[in-house]
Amino acid sequence: MTTHGYVRVSTREQNEDRQLIAMREFGIDDGSIVLDKQSGKDFKRPGYRGLVRRLKAGDTLVIKSIDRLGRNYDEILEQWRLLTKEKGIAIVVLDMPLLDTRKGRDLTGELIANIVLQLLSYVAQTEREFNHQRQAEGIAAAKAKGVHFGRKFKERGENYESVVAAWRRGEMSDRTAARELGVAHGTFQRWRKEEFGP
């Protein structure tokens, strides 16, 4: 019977130290801790999938909080069922002592654990949906203020109008106009298409 730790951070920029410290304090050595740097929206994570394949009946899986397992309500419940019922794995959620399936539980204890699990899974998914909503609202508000997202477009320069006028009169080719403006040929073509169409 082995105790494994599972640590997940959503992006490569996020720091996993807090979760690793909690695992070590629980008594798990570094060789038994699996780390994924990936979103929790689904369970297609290489570290987690490899860990689940290695887990044997009687093993214990330790996570810091339920949202480290995932952020999709139905999938969290399905994984919990798969691990505890089908594989016979004990799960310990460090931030929520009620979600510790190692202890022999009576029917009431199991009922409370199931209610807490469903509630926390629901909260994890709802928080993810709120984050997406807040992000979309923030982007919309920024766009309304004129904030540009994506690659910054090159300034057209002070002599743009006179160069374009010469180009329209047929006095300059696209390439010559681009050279006069100090931009790539493709950039000038994009500008003129934006202004005058193809």
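Leaving aside neighbours within four places in sequence, Trp80 is in contact (heavy atoms within 4.5 Å) with Ile66, Leu69, Lys85, Ile91, Val93, Leu99, Thr101 and Leu117. The model is predicted, so local features need pLDDT of at least 70 and side-chain atom pairs count only at pLDDT 80 or more, while totals for chains, interfaces and linings use all residues. Residues are numbered from 1 along each chain as its sequence is written, and side-chain values use heavy atoms, with hydrogens and water left out.

**Exercise 1. Determine how the buried residues of helix H1 (residues 17–26) are arranged, and what they pack against.**

Step 1. The buried residues are Gln19, Leu20, Ala22 and Met23.

Step 2. Seen down the axis of H1, they fall within an arc of 160° (taken from the directions from the helix axis to the C-beta atoms), so they line one face of the helix. An α-helix has 3.6 residues a turn, so residues three or four places apart point the same way.

Step 3. The face turned away from the buried side carries the exposed residues Arg18 and Glu25, whereas the buried residues pack against strand S1 (3–9), strand S2 (33–37), strand S3 (60–63) and helix H3 (66–69).

Step 4. After H1 comes Gly27, with a positive phi near 105°.

**Exercise 2. Describe how helix H8 (residues 185–196) packs with helix H6 (residues 160–168) and with helix H7 (residues 174–181).**

Step 1. H6 and H8 pack at an angle of about 80° with their axes 12 Å apart; axes are lines fitted to C-alpha atoms, for helices over the stretch in contact, and angles run from 0 to 180 degrees between N-to-C directions. That makes H6 roughly perpendicular to H8, since angles of 65 to 115 degrees count as such, those under 35 as roughly parallel, those over 145 as roughly antiparallel and the rest as oblique.

Step 2. On the H6 side, Tyr160, Val164, Trp167 and Arg168 meet Phe188, Trp191, Arg192, Glu195 and Phe196 of H8.

Step 3. The axes of H7 and H8 come within 8 Å and cross at roughly 105°, which makes H7 roughly perpendicular to H8. Asp174, Arg175, Ala177, Ala178 and Leu181 of H7 make this contact with His185, Phe188, Gln189, Trp191 and Arg192 of H8.

Step 4. Gln189 lies in H8 and counts as partly exposed because its relative accessibility is 23%; its C-alpha atom is separated by 9.0 Å from that of Arg175, 14 residues apart along the chain.

How values were computed:
Buried means under 20% relative accessible area, exposed over 50%, partly exposed in between (1.4 Å probe, protein chains only). Helices (H or I, at least four residues) and strands (E, at least two) are DSSP runs, numbered from the N terminus.
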